[in-house]
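Hello,

Here is the structure I promised to hand over, and below it you will find my notes on what turned up. Please have a look at it first, then read on.

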Amino acid sequence: MKKRVVVTGASSGIGAASVRRFAALGWETVAVARRKDRLDVLAQETGAYPIVCDVTDEAQLAALAAEVAATGGATALLGNAGGAIGTESVEHSSTDDWRRMFEVNVLGLRATIAALLPVLRDGARETGWASIMTLTSTAGHDVYPGGGGYNAAKFAAHALTGVLRLELAGEPIRVMEIAPGLVHTEEFTLNRLRGDAQGVDKTYADVIPLRAEDVANVIVNAFEQPPHVNQDLIVLRPVAQSSVFHTHRGDLTPRA
Ligand SMILES: NC(=O)c1ccc[n+]([C@@H]2O[C@H](COP(=O)([O-])OP(=O)(O)OC[C@H]3O[C@@H](n4cnc5c(N)ncnc54)[C@H](OP(=O)(O)O)[C@@H]3O)[C@@H](O)[C@H]2O)c1
């Protein structure tokens with residue numbers, strides 16, 4: 001079996017960039033998201049095998065796992081599908097937004113891993129090893145006002161990843177987490193701000209954020225390490241962002 005990775009949330013941003021990077025390094029890729037048109041374009045470009053799947057739907061995840069198994073199996077999973085909705089306070093945010101964030105970032109991630117673990121174990125039986133990486137966020141490690149449901153969901157995704165690593169102890173399956181800070185992707189902040197393009201411009205104004213490609217390079221590098229090497233947690237920020245509370249806007253210049 002060749003190295004074959006399933007990437008969820010592959011239709012844009014970090015997921016799409018990761019598929020491109022994996023493919024460039026010779027991996028077979030399975031690109032998963034809800035929007036078929038975007039997956040098809042990525043498949044044309046990279047040779048990825050596209051599968052339409054909503055990770056919040058367990059029947060669709062079961063079908064995904066069956067299709068992955070039937071088309072070559074998998075040795076790796078990048079659980080990247082996720083996102084944020086809103087910046088309202090705990091007091092004024094909506095339960096529905098919290099529910100949607102938990103559904104994709106936590107429940108969907110858990111169900112994705114559960115559905116694909118048997119396929120990954122088969123991959124490990126054949127090749128010796130398998131790998132899982134979850135996409136959390138610095139928002140899963142530090143809270144901030146307005147972080148609300150996104151903080152809570154990504155903290156839960158971080159906890160889930162740690163629990164999984166403990167539970168898989170003794171198996172040749174590494175469990176990694178990457179927690180990026182500010183990344184300028186085309187849709188993440190637009191979705192979070194409910195389509196407010198001016199708010200998006202303000203978020204990235206006068207700051208050098210990470211690009212999706214930067215995150216993808218670090219992700220794929222972790223999968224490319226010798227398979228007994230487990231980078232438990234990779235925290236990745238732009239130099240201009242020294243914490244969730246400190247984003248430097250303007251030039252970065254050496255002090256006199
Ligand atoms: N951008 C940042 O600043 C940042 C920072 C730290 C962490 N992150 C995390 O990194 C991951 C990727 O973020 P991004 O910036 O690349 O965001 P993005 O461009 O908005 O991409 C999110 C991806 O998730 C997919 N997705 C959403 N809901 C889904 C569902 N129910 N089922 C299947 N796929 C679903 C979307 O595809 P479809 O709509 O086609 O399904 C899309 O491909 C997320 O988990 C995000 O929370 C982002």
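In which strand is the place of Val32? Val32 sits in strand 2, which spans residues 28-33. Before going further, two remarks on how to read everything here. Residues are numbered from 1 along each chain as its sequence is written. This is a predicted model, in which local features need pLDDT of at least 70 and side-chain atom pairs count only at pLDDT 80 or more, while totals for chains, interfaces and linings use all residues, and side-chain values use heavy atoms, with hydrogens and water left out. Helices and strands are DSSP runs numbered from the N terminus (H or I, at least four residues, for helices; E, at least two, for strands).

Val32 is buried, with a relative accessible area of 0%. For that word I use under 20% relative accessible area, with exposed meaning over 50% and partly exposed lying in between (1.4 Å probe, protein chains only). Not counting residues up to four places away in sequence, Val32 touches Val6, Val7, Thr8, Gly9, Ala10, Leu39, Ile51, Cys53 and Leu64; contact here means heavy atoms within 4.5 Å. Val183 is 151 residues from Val32 in sequence, and their C-alpha atoms are 21 Å apart in space.

Ala48 belongs to the loop between helix 2 (36-46) and strand 3 (49-52). Ala48 also counts as buried, at 7% relative accessibility. Its contacts, leaving aside neighbours within four places in sequence, are Val19, Thr29, Ala31 and Ala43. Between the C-alpha atoms of Ala48 and Ala10, which are 38 residues apart along the chain, the separation is 10.0 Å.

Helix 7 covers residues 197-204, and its buried residues are Gly199, Val200 and Tyr204. These lie on the same side of helix 7 because they cover an arc of only 125 degrees around the axis, the arc being that of the directions from the helix axis to the C-beta atoms. On the face turned away from that buried side are the exposed residues Gln198, Asp201 and Lys202.

What do the buried residues of helix 7 pack against? Their partners are strand 7 (183-184) and helix 6 (188-192). Thr189 is buried, with a relative accessible area of 7%.

At the start of helix 7, a side-chain oxygen of Asp196 comes to within 3.1 Å of the backbone nitrogen of Gln198.

Two residues in this part of the chain have a backbone angle to look at. Most residues other than glycine have a negative phi. Arg194, in the loop between helix 6 and helix 7, has a positive phi near 55 degrees, and is partly exposed at 44% relative accessible area. Asp206, in the loop between helix 7 and strand 8 (210-211), has a positive phi near 60 degrees, and counts as exposed at 56% relative accessibility.

**Cavities and a pocket**

A search of the whole structure finds two cavities of 30 Å³ or more. On a 1 Å grid over the protein atoms alone, a cavity is a set of points where a 1.4 Å probe fits but cannot get out, a pocket is an open set with protein on both sides within 12 Å along at least five of seven lines, and lining residues have an atom within 4 Å of a point. Grid points are joined across faces, edges and corners, and a volume is the space filled by probe spheres set on the points.

The largest cavity holds about 50 Å³ of space. Of its 13 lining residues, Ile85, Gly86, Ser93, Met101 and Gly149 are the closest to its centre. Helix 4 (95-127) and helix 5 (148-167) each supply at least two residues of that lining.

The second largest cavity has about 30 Å³ of space. Helix 4 gives the largest share of its lining, four residues.

Finally, the second largest pocket has a volume of about 200 Å³. Of the 15 residues that line this pocket, Lys3, Trp27, Thr75, Trp129 and Pro227 are the closest to its centre.

Enjoy exploring!

Notes: Polar contact = N/O pair within 3.5 Å; in protein donor to acceptor, adjacent residues only side chain to side chain.
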